[in-house]
Amino acid sequence: MKVFYRPEQVATSQQPSPSAFKPRLVVSDWQADDKINMDICSFEPVDPDIISFAHDPEFVRAVLACEMANGFGTRSADVAASLPYTTGSMVAAAEYALLHQEAVCSPTSGFHHAEYAHGMAYCSFNGLMVAAIAMHEAALVDRVGIIDCDAHYGNGTDHIRRKLDIDWIEHHTLGAHFHDFYDARNGRFEAWLDRSIEACMDCDLILYQAGADPHINDPLGGILTTEQMSQRDRAVFERLGHLPLVWNLAGGYQVTQGATEAQRREPILALHRETARLHTAILG
Ligand SMILES: [Zn+2]
C-alpha cells in the first residue's frame, strides 16, 4: 500500500479539529502494525495554479497568504503552509494511481466542505475536486467517481461541480442520506453503498473518503457499527480496487482517556487501522 505522506502536511498548531494532525498519528500507527504493508511515498506540494482549477484564484491566493480565513476560521500561517501538502498528497496519489493502475492511500482530511471561494467546517481547499480536475486537465481521466463515506454531506464538492458545470464526476455522499443509526439500519446503508459502487464502475479514477466519523460512537456521527464500517471498506476495495483508486481519512472525532495523543485518539486510529489492514489484505 503506497501512502503519500510528508510531515509538512501536518499543521502542528492546536486546531479545533483533530484532522490536521491525524496524518502523523496514523502513519506512525500503521508503521507499527504487522498486518499493514505500507510504503511511504514523497511528493511535491501542489502549485496554487492547480488548486485554482477547483477554486477562485483570488480565494486561493488570499488563504495561502493568511489574508482570508482558512477552513478552521483562522489565519494561521501553520495551516496555510500545510495546505499545498494536503491537497498535494491527494493530487500525487491520484496521478500515481492512474499511471500505475493501483489503489493507494492519501492520509488526508479536510476537503469536502470547501466550496469554490469559501472554506468551512475544517476544510480550506477541496482536494477531492482539485485532484479530479487536475487529472481531467491532464487527460488522464474521462470520468471520476467520488464515494464520500465521511458522516457529513460533501456540500463543497457539489458546490464546485455546479459552479464549474462539471458533469463527468459521479458524486455519492453518505451525509446526504444518513443522519443517524436508524437511517442506516436494515440494509439501507449497504443498499446505498451498493448503488454508489455500481454507478462508479465505469469511472477511470475512484476517490474514496473512508471517514471514521460515521461510527456509532462518534460524537459527530452515530450512524454505522464497527462491523458496518469494516464491510463498507471491504465492499469498496473488493469491487472497485481493480481501478485506480485513492482513499483518504476524512473525519473522525472520538476521544478517550490517555496520556498521549495517540492513546486519546485510539478509537479513531483503530478505525483507520482496519481500513489500512483491509487494503493490505485485499489489494496488497
Ligand atoms: Zn465529517
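Author: In helix α5, G127, L128, M129, V130, A131, A132, I133, A134 and M135 are buried, where buried means 20 or more other C-beta atoms within 10 Å of the residue's own, with C-beta placed from the backbone (12 or fewer is exposed, in between is partly exposed). Mind that this is a predicted model: local features need pLDDT of at least 70, side-chain atom pairs count only at pLDDT 80 or more, and totals for chains, interfaces and linings use all residues. Residues are numbered from 1 along each chain as its sequence is written.

Reader: What makes α5 count as mostly covered?

Author: Nine of its 11 residues, 127–137, are buried. What covers them includes α2, α4, β4, α6, β5 and β6. Helices here are DSSP runs of H or I with at least four residues, strands are runs of E with at least two, and both are numbered from the N terminus.

Reader: Which residues have the most contacts inside the largest nonpolar core?

Author: V130, A131 and L207, in a core of 78 residues. Such a core is a set of buried Ala, Val, Leu, Ile, Met, Phe, Trp, Tyr and Cys joined through C-beta atoms within 7 Å. L207 touches L128, A131, A132, V144, I146 and V246, leaving out residues up to four places away in sequence; contact means C-beta atoms, placed from the backbone, within 7 Å.

Reader: How do you know whether the chain agrees with a compact globule?

Author: For 284 residues the globule would have a radius of gyration near 19 Å and the chain has 17 Å, so the two agree. That radius is taken over C-alpha atoms, and the rule is 2.2 Å times the number of residues to the power 0.38.

Methods:
Contact = placed C-beta atoms within 7 Å.
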